[in-house]
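Please look through the sequence and the three-dimensional structure below, and then follow the explanation from one local feature to the next.

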Amino acid sequence: MKIITLDFESFFSDDFTLKKLSTEAYIRDPRFEAHGCAIKMSPDLPARWWSRDELPEFFAEIDWSDAAIICHHAQFDGLILSHHYNVQPKFWFCTLSMARLLLGNHISVSLDSVRKQFDLPAKITPYNLFKGKRWHELDRATQTQVGDGACDEVESIWKLFNILGKDFPREEFDVVDSTVKMFTEPVLRGDVELLGKIWMDEATKKQSNMASLNVSEADLQSADRFAALLRDEGVEPEMKEGKNKQIYCFAKTDPFMRDLLESENDRIRTLAEARLGAKSTIMQTRAETLGWMARRGPLTVYLNYAGAGTLRPSGGDGSNFLNLKRSSPIRPALKAPEGYLLGPIDASQIECRVLHYLAGGPDEPVIQKFRNDEDPYVDIATQYYNEPIYKPKANDPRKTEMESKRGLGKQARLMCGYGSGPPKFRSSAKNGLYGPPIDIPLEEAMRFVRLYREQNPSVCAHQTGYWSICNFRMLPALAAGRAEQFGPLTIKDHRIFLPNGAMMIYDTLEWHIPAPDEENVREFERDGFWRLKTRAGWKKMWGAKLTQNICEAVSRVIVSQAMIRIKQMGFRTLNWPYDELLLLFPNDGRAEENMERCRQEMIREVPWLPGLPLDAEGSLGEHYSK
């Protein structure tokens, strides 16, 4: 397979720039124009600049079915190639994605930053000289500088590929390739009419919700008073490290506030929108973004490979396809291309299964329940309510009651394994995150949490439970860079290595002893606590939090390995919302059979987790919905 390294330079101006437009909107805009492209055809040949007039003929001469392309930010160059030149290579490599995994997402992985990491000189591309100018408006000397700068970038990308490639896990190349092609080879269609209706419905609902808040501007703008409003709704505000003290996570970029904006509780969501001064709801913004995108062409699914510290992808390009919950009205607005069907397959309770397997092994009681196809949520609810709890059928006269009670059992099983305390348990129940909303007193939430911890000693027991091992053995080992074997995981060099070679990075983990006057420090933290520096600031770490990180990463690798096998079977993944794969099947009479083949790949036993029972469910349809 021929390996080609390339980098485009394109027209940009003050009002036509990636700082103001998404990558997709910029590339598909009528104003877009490629100045040219620097291309390195082989390791032995220097990069050469090809101007925009030379590119169509040059690209037409290459057999792209047997060619791979290396770029830094492959989504950008790849969409230019597919949209403007109808070029779709066999395989994509992306040094930006490689750097994010190997260097961590807590630092910038721009080309200049990565070059600096490896002592390569800064870029020389003269952006200031061609800003606002078309190619034909540049004098010959400037054109030469542009070409030389692009060639320098390509040579550095090739060097970085070889440097990073020494440590990059081989199977992860396939994951990067699939992630890039979700964006560069789009096929999903958007129902513009339905997306417009969603926008209007949300606008009407927002006006009604705002009118019903009955709070003052001062209540919204004061952090303490806004926190009190959230507590009245059963939501315990999260805190983060400020300059000299802990502060509330009320910034627009804080994950806590983003979660509030996604809340299914109308009042909580509206409070967050009002606090941030949002002109439109997040549902409106998403519907509008996808509506305009659908008018320009197929929907481009932009995922940041290893965008989260737990190796999961994160959403990007202003259109987060990862947060389309099953109940979201937007999902049905996404349609398969003509002649195809969409097949979402979801790995059932995968994190819960992984948690109890890692904590107790294949014979752990909860794992036995999964293996026997027993409902994993009813046992703890049955003990809590002291009556048999079950999953009701559609015509059950106690359907609403049973759904609420089983929902609390589900919540306990899925939340308490990561150390959820009573306030968070209560707020999640009130918001209906795992079943119909139910408002329980804090004392009852405390009883549910205590019941979970008593029932699951392999996870929660002091000293011997998984949390304690993470807290008292693994966090110190990570901070010290000490080598430890931890089940299927290897800890060394401040990293947690998974069996496929991918790693989570804890370079910035430290034991922090707060100053005597440091605010918002709990009493038991006065002697010190673990914290990890991220791009969003310092985040506290503890045993249950590390447990969550590990389970998310292990689950991610299980799903990504299934995605690779499905790819080798000839089926594309169009979206990857954590534990679900959105697959594309030809509507040729074999779609059900092919979907079942892929579902079997999702539940295949993991060699490095022998005895872990997996399950998955899928569906087929022209729309992205069950």
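Which residues in α3 are buried? This is a predicted model, in which local features need pLDDT of at least 70 and side-chain atom pairs count only at pLDDT 80 or more, whereas totals for chains, interfaces and linings use all residues. Residues are numbered from 1 along each chain as its sequence is written, and side-chain values use heavy atoms, with hydrogens and water left out.

The buried residues of α3 are A74, Q75, F76, D77, G78, L79, I80, L81, S82 and Y85, where buried means under 20% relative accessible area, exposed over 50%, and partly exposed in between (1.4 Å probe, protein chains only). Because 10 of its 12 residues are buried, α3 is largely enclosed by the rest of the structure. Helices (H or I, at least four residues) and strands (E, at least two) are DSSP runs, numbered from the N terminus. Helix α3, residues 74-85, reaches 15 Å from its first C-alpha to its last, close to the 16 Å expected (1.5 Å times one less than its number of residues). Just after α3, N86 takes a positive phi of about 55 degrees.

A positive phi is also found at L311, which is not a glycine and has a value of about 80 degrees; L311 belongs to the loop between β9 (303-304) and β10 (314-315), and counts as buried at 3% relative accessibility. D493, in the loop between β14 (489-492) and β15 (495-497), has a positive phi near 50 degrees, and at 46% relative accessibility D493 counts as partly exposed.

In helix α19 (residues 422-431) lies S428, which counts as buried at 6% relative accessibility. Leaving aside neighbours within four places in sequence, S428 is in contact with Q411, M415 and L433, contact meaning heavy atoms within 4.5 Å.
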